Amino acid sequence: MDGLDADIVGADVAAERRNEVVSRVREHAGRIAYELARLQGGDYGQRSFSTKRGEWTVKYEAGDLEYLRYKGKSGGEVYVISTKQPPGPAELARAMADYDAFVAAYNEHVASLDGMLDSVDTEFPELESTEAVVAERDRIAETIRAVCDTMAGELHRYEGTDYGSYAARVGGSRWELKWEGDRASYLRVGGEGGVYLVSQYGPAGAPEVRRLAPEFGGFVEAYNEHVRGLELDLREIEL
């Protein structure tokens, strides 16, 4: 067969030129992606730019170009830059014919933002300090902590165990004191997912302390009644 003897033209030159163009576009459009990331904020995002021939979309992540896509108005799309294989030479040539218009659209977009923030007033009202509120929260929380530690010490001594808990219902909510040794581990209101008035991580927020502190006395009364009941039980034991 004579056809088998025909020479085959290699694609090395076309592929090499395609790779060269893609490399230069990656560097150039990568600068656009970096600037867009700075401008728009966030670790990732994308923006599209319209030209007379089509639309270009720049997608970036952590300031790096993830892909550059071109969609022509006549149909078809080309991923000029992507994480996959580079486009074919013909597709790349079709997209690159509109690349200058894409850059012009990007430049126009940036220019349109010039002076946008000039009229923004940066003279802001003075901020109120939370120092007094936090100090009062801490004072109340420390008092509650001290009472809980006293309870923990008494319960630890009575129970004779290193760990334990005491719970009571106050105002329709479950209050639970958990102790470790002679110190309170936490005081939780509301069961699982409730508010920790006392914990190893610090006091609850001021609004929660304000809401629950008036009910803490009811928990103390429930504890005192519990202790009185224990005393009566012990008196009934005959040796």
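Select Asp138 to begin: with a relative accessibility of 25%, Asp138 counts as partly exposed, where buried means under 20% relative accessible area, exposed over 50% and partly exposed in between, computed with a 1.4 Å probe on protein chains only.

The model on screen is predicted, so local features need a pLDDT of at least 70 and side-chain atom pairs count only at pLDDT 80 or more, whereas totals for chains, interfaces and linings use all residues. Residues are numbered from 1 along each chain as its sequence is written, and side-chain values use heavy atoms, with hydrogens and water left out.

Colour next by pLDDT, the predictor's confidence in each residue on a scale from 0 to 100: the protein averages 90, and 92% of the residues score at least 70. Residues 6-10 fall below 50, and beyond near neighbours in sequence this stretch has zero contacts in the model, a contact being heavy atoms within 4.5 Å.

Move to Glu176 and Arg188, whose side chains meet in a salt bridge at 2.8 Å, N to O. Glu176 lies in strand S6 (residues 173-180) and Arg188 in strand S7, so the pair ties together parts that are twelve residues apart in sequence; helices (H or I, at least four residues) and strands (E, at least two) are DSSP runs, numbered from the N terminus. Both Glu176 and Arg188 are buried.

Keep Arg188 selected and look across to Tyr196 in S8, which stands opposite Arg188. Strand S7 (residues 183-189) and strand S8 (residues 195-198) run antiparallel and are joined by three bridges, where pairing requires that DSSP finds at least two bridges between two strands. Follow the chain through the hairpin that S7 and S8 form, with five residues between them, and stop at Gly190 in the turn, which has a positive phi of about 105°.

Finish at helix H1 (residues 12-40), where Arg38 and Glu35 lie three residues apart, about one turn of the helix. Arg38 forms a salt bridge with Glu35, the closest N and O atoms being 3.2 Å apart; Arg38 is exposed, with a relative accessible area of 57%, and Glu35 is partly exposed at 32%. The structure holds twelve salt bridges.

How values were computed. A salt bridge is a side-chain nitrogen of Lys or Arg within 4 Å of a carboxyl oxygen of Asp or Glu.
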